[in-house]
Amino acid sequence: IDENSGAGQVVYTATASDTDFNGAQVITFSLADESLGFSIDASTGVVTTNDDFEANFEDAQSQSFTVVATDVAGNVSAQQLVSVEINNLDDTAPIIMSGNTAIAIDENSGADQVVYTATADDSSDVSDGVSFSLASGSDAALSIDANSGAVTLAGNPDADTQNAYSFAVIATDAAGNSSEAQSVTVSIIPSLLFA
């Protein structure tokens with residue numbers, strides 16, 4: 001069953017046979033412990049997750065319950081322990097690992113230069129890769145490569161016009177989970193002019 005899939009998921013169907021009774025077999029099912037996040041239909045043996053089910057793969061890769069079958073005379077059969085495997089899903093956002101300050105660049109050092117490279121860690125769960133974007137409000141002179149995380153300054157930096165650029169990077173995994181925005185500042189080092 002998928003992690004965090006909630007209530008109402010069918011995970012198992014118990015069956016039993018009452019071999020020492022020739023009449024109609026009336027067998028009821030129950031769980032040895034009703035507090036583990038599973039419920040059982042007493043007549044059909046269908047086991048489903050209930051509102052207490054909170055399976056998180058990062059906490060446990062499987063969960064178990066014990067089925068008990070009881071015949072019409074009240075005889076209890078051997079109990080059956082059942083394990084349910086938990087599927088790991090991509091449900092955790094990546095974390096931006098690169099810092100909030102880029103290396104300062106010299107003014108008049110040229111247009112279209114990479115001023116920062118974003119990195120992210122998405123190893124806390126299943127990962128099919130990360131893409132990068134700039135948050136709204138980032139300086140319009142900057143763009144980011146969605147795959148590499150490289151941030152490029154379009155124009156030639158001029159400290160007299162603008163002494164720093166600011167932007168915020170967001171990492172998004174293949175499942176659509178997005179990181180918190182990482183604010184970054186790129187300072188411009190003014191040229192020294194001598195008379």
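The structure is a predicted model, in which local features require pLDDT of at least 70 and side-chain atom pairs count only at pLDDT 80 or more, whereas totals for chains, interfaces and linings use all residues. Residues are numbered from 1 along each chain as its sequence is written, and side-chain values use heavy atoms, with hydrogens and water left out.

Strand 8 and strand 15 run parallel and are joined by 2 bridges, two strands being taken to pair if DSSP finds at least two bridges between them. They belong to an open sheet of 4 strands with mixed pairing, arranged in the order 8-15-14-11. Strand 8 (105-106) and strand 11 stand at the edges with a single partner strand each, so one side of each is left without a neighbour in the sheet.

The largest nonpolar core comprises 19 residues, of which V115, Y116, F167 and V169 touch the most other members. A nonpolar core is here a set of buried Ala, Val, Leu, Ile, Met, Phe, Trp, Tyr and Cys residues joined through side-chain atoms within 4.5 Å, and buried denotes under 20% relative accessible area, as against over 50% for exposed and partly exposed in between (1.4 Å probe, protein chains only). At least two residues of this core are supplied by each of strand 9 (113-117), strand 12 (142-144), strand 13 (150-153), strand 14 (164-173) and strand 15 (182-189), and the largest share, 4 residues, comes from strand 14. When residues up to four places away in sequence are not counted, V169 touches I96, Y116, A118, F132, S133, L134, I144, E180, A181 and Q182, contact meaning heavy atoms within 4.5 Å. Another core, of 15 residues, lies apart from this one and includes A14, F38, I40 and V82.

Two aspartates were also examined. D125, found in the loop between strand 10 (120-121) and strand 11 (130-134), counts as buried because its relative accessibility is 9%. The side chain of D125 reaches the backbone nitrogen of T92 at 2.6 Å, and, with neighbours within four places in sequence left aside, D125 is in contact with E58, N88, L89, D90, D91 and T92. D71, which lies in strand 5 (residues 62-71), is likewise buried, with a relative accessible area of 12%. Under the same exclusion of neighbours within four places in sequence, D71 is in contact with D18 and V26.

Technical notes: A polar contact is a pair of N or O atoms within 3.5 Å; within protein, one must be able to donate a hydrogen and the other to accept it, and residues adjacent in sequence count only if both atoms are side-chain atoms.
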